[in-house]
Amino acid sequence: MKVAVTLLVVVCVLTSSIEAKRRKKNKRGQIQAQILNGEEENSADTCAKVCSGTTGRRVTDYQAYGNNVYVDVDMTGCGFAKVPNVVISVEGSSSHWVAEGTSSIYNSTPTSFRVYLKNESSGVARGNLNAEGIQWNIDWIAVGFTC
């Protein structure tokens, strides 16, 4: 049994090593991001890019939306040519753990997306923009094509 497990581990390590060598590299010899699929047709693997950012504590530009708030997130600096895959998280100093909408992305384009947030216990649902007072901000990671 130990021989079979050891053999399996060796095969897995060798396969991973061979696969890593086959991946395309950029001009600096770094391995590029691999995108399996997205909102639009894929471009060449050499055009794949990972970009991340934050809206920032105390400076996030929340807008009232009925009893809720929303924020438009600018990704222009990433240089995406197509709609990227985006993952978000709400970071802050209080009450964001009970917020609603913290992983919902709206109106995604190559340069921006929108997030709506609701949290009645912190006052955000009343449209008073208290999200700025409790330092909520949107941290995000986007993976997409630049050509």
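The questions and answers below concern a predicted model of one protein chain.

Me: Which element of the protein chain has the lowest mean pLDDT?
Reply: Over the protein chain the mean pLDDT is 76, and 69% of the residues reach 70 or more. Residues 1-23 stay under 50, and for this stretch the model has 2 contacts beyond four places in sequence. Where pLDDT is low, the predicted coordinates should not be read in detail. Among the elements, β5 has the highest mean pLDDT, at 95, while the lowest, at 37, belongs to α1.

Me: How many disulfides does a search of the whole structure find, and what is the pairing in sequence order?
Reply: A disulfide is a covalent bond between the sulfur atoms of two cysteines. The search finds 2 disulfides, one of them joining Cys-47 to Cys-147 and another formed by Cys-51 and Cys-78. When the bonded cysteines of the protein chain are numbered in sequence order, the pairing is 1-4, 2-3.

Me: How many residues apart are Cys-47 and Cys-147, which a disulfide joins?
Reply: In the model the S to S distance of the disulfide between Cys-47 and Cys-147 is 1.4 Å. Cys-47 is in the loop between α1 (2-22) and β1 (48-54), whereas Cys-147 is in the segment after β6, and the pair thus links distant parts of the chain, 100 residues apart.

Me: Is Cys-147 buried or partly exposed?
Reply: The cut-off for a buried residue is under 20% relative accessible area, and exposed means over 50%. The disulfide partner of Cys-147 is Cys-47, and Cys-47 is buried because its relative accessible area is 7%. Cys-147 has a relative accessible area of 48%, which means that this residue counts as partly exposed.

Me: What is the angle about the S-S bond in the link of Cys-51 and Cys-78?
Reply: The sulfur atoms of Cys-51 and Cys-78 are 2.1 Å apart. The link is left-handed, and the angle about its S-S bond is -75°.

Me: Which are the edge strands of the open sheet that 3 strands form?
Reply: Strands of a sheet pair through backbone hydrogen bonds, either parallel or antiparallel. Here the order is β2-β3-β5, with antiparallel pairing, and neighbouring strands are turned by 35° against each other on average, direction ignored.

Me: Which residue of β5 is the bridge partner of Tyr-70?
Reply: β3 and β5 run antiparallel and are joined by 6 bridges, one of which pairs Val-69 with Leu-117 of β5. Of the 6 residues of β5, 5 are buried, so this strand is largely enclosed by the rest of the structure. The bridge partner of Tyr-70 in β5 is Tyr-116.

Me: Which residues form the covered face of β4?
Reply: β4 and β6 run antiparallel, joined by 7 bridges, and Glu-91 has Asn-137 of β6 as its bridge partner. The uncovered face of β4 consists of Asn-85, Val-87, Ser-89 and Glu-91. The covered face is made of Val-86, Ile-88 and Val-90.

Me: How far apart in space are Val-86 and Phe-113, C-alpha to C-alpha?
Reply: Val-86, which is placed in strand β4, counts as buried because its relative accessibility is 14%. Leaving out residues up to four places away in sequence, Val-86 touches Met-75, Ile-105, Ser-108, Phe-113, Trp-140, Ile-141 and Ala-142. Although Val-86 and Phe-113 are 27 residues apart in sequence, their C-alpha atoms are separated in space by 8.8 Å.

Me: Which residues of the largest nonpolar core touch the most other members?
Reply: In soluble globular proteins, nonpolar side chains tend to be buried together. The elements giving two or more residues to this core are β3 (68-74), β4 (85-91), β5 (112-117) and β6 (137-145). Beyond four places in sequence, the contacts of Ile-138 include Val-71, Val-73, Ile-88, Val-90, Val-115 and Leu-117. Of the 20 residues in the core, those touching the most other members are Phe-113, Leu-117, Ile-138 and Trp-140.

Methods. Residues numbered from 1 in each chain as written. Predicted model: local features only at pLDDT ≥ 70, side-chain atom pairs only at ≥ 80, totals over all residues. Heavy atoms only, no water. Core = buried A, V, L, I, M, F, W, Y, C linked by side-chain atoms within 4.5 Å. Buried < 20%, exposed > 50% of the residue type's maximum accessible area, 1.4 Å probe, protein only. Helix = DSSP H or I, 4+ residues; strand = E, 2+ residues; numbered from the N terminus. Contact = heavy atoms within 4.5 Å. Disulfide = S-S within 2.5 Å. Pairing = 2+ DSSP bridges. Axes fitted to C-alpha atoms, helices over the stretch in contact; angles between N-to-C directions. pLDDT = per-residue confidence, 0-100.
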